Amino acid sequence: MATCSTGCAPAVRLCQRLNRLKTLDGDMMATSLKRCLSTLDLTLMGVGGMVGSGLYVLTGTVAKDTAGPAVIISFVFAGIASLLAAFCYAEFGARIPKTGSAYMFTYVSVGEVWAFLIGWNVILENMIGGAAVARAWSGYLDSIFNHAIQNFTETHIMQWNVPFLAHYPDLLAAGILVFASVFISFGVQVSSYLNHIFSTISMGVIAFILVFGFVLADPANWSQEQGGFAPYGMSGILAGSATCFYAFVGFDVIASSSEEAKNPQKAVPIATAISLGLAATAYILVSCVLTLIVPWRTLDPNSALADAFFRRGYSWAGIVVAVGSICAMNTVLLCNLFSLPRIVYAMAEDGLFFSIFARVNPVTKVPVNAILVFGILMACMALIFDLEALVQFLSIGTLLAYTFVAASVIVLRFQPEKNNSKDTTTTSPNVNAEPKQYESFSDKLQLVERQKTRERRGVGHLKAYWEPYLDRLLGDCEPGEVVAFCVMTLIVSSVSLCAVLEFGNEQLQFPVWCFTMLLVIFTLAYVLSLALIWIHEPQRNNQTFQVPLVPLTPGASILFNVFLMMKLSLLTWIRFTVWIAIGLLVYFGYGIWHSKEGLRELQPKDMAARYVVLPSGSLVETVQSVQPDDDGTGCC
């Protein structure tokens with residue numbers, strides 16, 4: 001047994017290093033960045049991140065190929081599903097106002113290696129997303145000038161025919177990315193000012209589309225002669241919802257900006273709710289207008305809105321729509337370039353990524369190195385790569401981040417607060433204070449009954465009502481231990497349930513009895529996990545926003561995100577696996593050795609002896625620091 005224990009010790013230590021959590025400082029508002037963003041600034045950032053080229057392209061594509069005029073209902077469903085994820089981001093952004101978004105949230109609740117992989121995927125997601133938007137911006141502008149830019153580049157500069165590369169170098173897309181990166185490096189206020197301008201113009205164009213569109217609306221385009229309101233039925237509506245869900249992925253820029261918000265506890269939840277509401281309203285109303293102006297079968301997926309006005313005889317309105325589309329794409333581009341360097345900065349600040357990216361310019365108070373380096377890398381991708389084959393890769397990183405953030409909300413909600421106080425002597429006459437660990441034998445003799453009654457109703461323990469029934473089974477578990485296990489079971493059962501639904505009948509060809517039995521088993525495991533989490537005491541914090549109906553809300557978000565990930569192609573999962581492998585090389589080659597949490601563990605810690613005395617019937621606790629002896633033994 002001793003040999004086995006000795007042999008397993010390195011593996012145990014490695015697991016502890018991989019799953020160590022980030023220690024947060026007492027002052028959450030302390031930062032080397034500049035806190036200058038208001039609620040309005042965050043709201044416009046969220047709107048800019050969500051209402052982009054998708055409004056002008058996605059609505060027509062889903063309406064024509066997937067849902068028909070019922071794309072309106074698809075956007076309603078997608079908005080509700082996005083709201084579940086947005087609630088989770090809003091709670092973390094208000095509770096932990098630090099940059100890094102999903103990476104930071106995972107680090108403080110799940111573990112270091114998982115946080116690194118989430119951050120690693122979000123980096124690639126933002127790089128591909130920014131490069132794709134830049135190419136779309138370039139292509140849209142080029143189409144206005146009858147592809148003069150493309151023809152000039154192919155004729156006078158160069159072109160090539162290489163797989164996965166573009167047919168010609170898109171100098172315009174690369175140029176706009178470099179130009180925008182330089183502007184953003186001037187400071188967060190400059191970025192916010194540019195976003196205000198483009199978002200205001202974009203919303204003005206949307207208002208024009210709605211007013212003029214409803215004037216031209218013809219209800220006959222929803223009639224049975226044109227195929228009806230829902231020609232593809234409920235299956236088409238649900239398939240459309242899965243596609244429309246990606247129209248709302250930009251709201252995480254708000255959480256990424258929380259470290260630069262003046263009052264993140266209030267601003268982040270309010271901005272998230274308002275921006276998501278405005279974006280959903282815009283998508284729903286524009287879809288309604290679009291399918292009422294012209295028959296949905298005749299829509300042009302590439303430029304649905306502009307083409308619809310053109311075919312109704314108002315070609316000048318197409319110019320207005322083109323201006324709005326370019327401004328909308330500018331806002332998405334700014335949001336990508338804004339959030340990406342801050343995630344890189346957060347990882348570098350924690351020691352998990354190269355330290356050069358943790359440097360903040362003393363004048364502009366922004367991570368200039370991260371902005372310029374990753375802006376140039378994004379420009380190179382837009383210059384040479386054909387990004388159409390890579391765009392689907394964006395979704396898997398987003399959905400994975402949403403899943404981990406939802407799981408983190410549940411874990412932290414049922415986890416007792418850690419006492420990081422550095423005081424060595426405290427006096428507490430109040431017996432109802434937070435439960436502490438009493439180390440001396442006299443403590444346990446005098447306080448055992450009082451502590452037993454109080455701790456079991458603390459955060460992470462069974463609720464008082466369920467103690468008589470489940471105390472024998474779960475009463476000996478550490479606070480939050482059962483919840484953490486149930487969250488893991490929740491994710492596994494969600495993956496299994498969605499896999500059976502997606503592949504059980506066709507690819508795996510299960511018999512009906514086997515298919516039904518597996519559905520029942522995994523559904524029961526999912527529901528039982530939620531129930532076991534619910535019977536534990538959660539944290540009750542009235543100072544910051546909290547997700548309602550926990551664990552139901554984040555549990556539903558996990559299930560929906562996993563279901564959408566199952567819809568992705570095999571090639572996407574292969575690319576995802578390769579990118580994860582590269583990330584693990586970076587982590588084990590650099591991050592695990594330079595992690596600040598790892599360095600903190602190596603620092604010598606004081607040992608404390610605690611005694612409880614009862615002078616005059618009152619409880620007084622005295623904590624005395626005891627330094628360890630040179631031989632490695634301490635006294636208690």
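In this predicted model, a nonpolar patch on the surface is formed by Val76, Phe77, Ile80, Met234 and Leu238, which together have about 440 Å² of accessible area. Two elements each give two or more residues to this patch, namely helix H4 (71-95) and helix H10 (233-244). Of these, H4 gives the most, with three residues.

Rolling a probe the size of a water molecule over the atoms shows where empty space is left. The structure holds five cavities of 30 Å³ or more. The second largest cavity contains about 90 Å³ of space and is lined by 13 residues. Those nearest the centre of this cavity are His461, Leu462, Leu474, Gly475 and Cys477. Helix H18 (residues 467-474) gives the most to the lining of the second largest cavity, with three residues. Sorted by class, this lining has five nonpolar residues, four polar ones and four charged ones.

Pro479 lies in the loop between H18 and helix H19 (481-503). With a relative accessible area of 29%, Pro479 is partly exposed. Along the sequence Pro479 and His536 are 57 residues apart, while in space their C-alpha atoms are 9.1 Å apart.

The backbone also deserves a look. Most residues other than glycine have a negative phi, and most peptide bonds are trans. Ser101, which is not a glycine, has a positive phi of about 50 degrees. This serine sits in the loop between H4 and helix H5 (102-107), and Ser101 counts as buried because its relative accessibility is 3%, under the 20% limit. Lys365 likewise has a positive phi, near 60 degrees, in a residue other than glycine. Its place is in the loop between helix H14 (315-349) and helix H15 (368-384), where Lys365 is partly exposed at a relative accessible area of 32%. As for the peptide bonds, the one from Val550 to Pro551 is cis, with omega near 15 degrees. Pro551 belongs to the loop between helix H20 (512-534) and helix H21 (552-566).

Charged side chains come next, as the structure holds ten salt bridges. In one of them, the side chains of Arg20 and Glu112 meet at 2.9 Å, N to O. Arg20 lies in the loop between helix H1 (2-18) and helix H2 (39-50) and Glu112 in helix H6 (residues 112-144), so this pair ties together parts that are 92 residues apart in sequence. Both partners are buried: Arg20 has a relative accessibility of 7%, and Glu112 has a relative accessible area of 0%.

A salt bridge also joins the side chains of Glu502 and Lys567, at 3.3 Å, N to O. Because Glu502 lies in helix H19 and Lys567 in the loop between H21 and helix H22 (570-594), the pair ties together parts that are 65 residues apart in sequence. Glu502 is partly exposed at 23% relative accessible area, and Lys567 is partly exposed at 46%. In a further salt bridge, the side chains of Glu537 and Arg540 meet at 3.1 Å, N to O. Here Glu537 is buried, with a relative accessible area of 15%, whereas Arg540 is exposed, with a relative accessible area of 63%.

Notes. Residues are numbered from 1 along each chain as its sequence is written. This is a predicted model: local features need pLDDT of at least 70, side-chain atom pairs count only at pLDDT 80 or more; totals for chains, interfaces and linings use all residues. Side-chain values use heavy atoms; hydrogens and water are left out. Patches are made of residues with over 30% relative accessible area and no salt bridge: like charges are joined within 9 Å, nonpolar side chains (Val, Leu, Ile, Met, Phe, Trp, Tyr) within 5 Å. Accessible areas come from the Shrake-Rupley method with a 1.4 Å probe; for residues, only the protein chains shown count as cover. A salt bridge is a side-chain nitrogen of Lys or Arg within 4 Å of a carboxyl oxygen of Asp or Glu. Helices (H or I, at least four residues) and strands (E, at least two) are DSSP runs, numbered from the N terminus. On a 1 Å grid over the protein atoms alone, a cavity is a set of points where a 1.4 Å probe fits but cannot get out, and a pocket is an open set with protein on both sides within 12 Å along at least five of seven lines; lining residues have an atom within 4 Å of a point. Grid points are joined across faces, edges and corners, and a volume is the space filled by probe spheres set on the points. Ala, Val, Leu, Ile, Met, Phe, Trp, Tyr, Cys and Pro count as nonpolar, Asp, Glu, Lys and Arg as charged, and the others, Gly among them, as polar. Buried means under 20% relative accessible area, exposed over 50%, partly exposed in between (1.4 Å probe, protein chains only).
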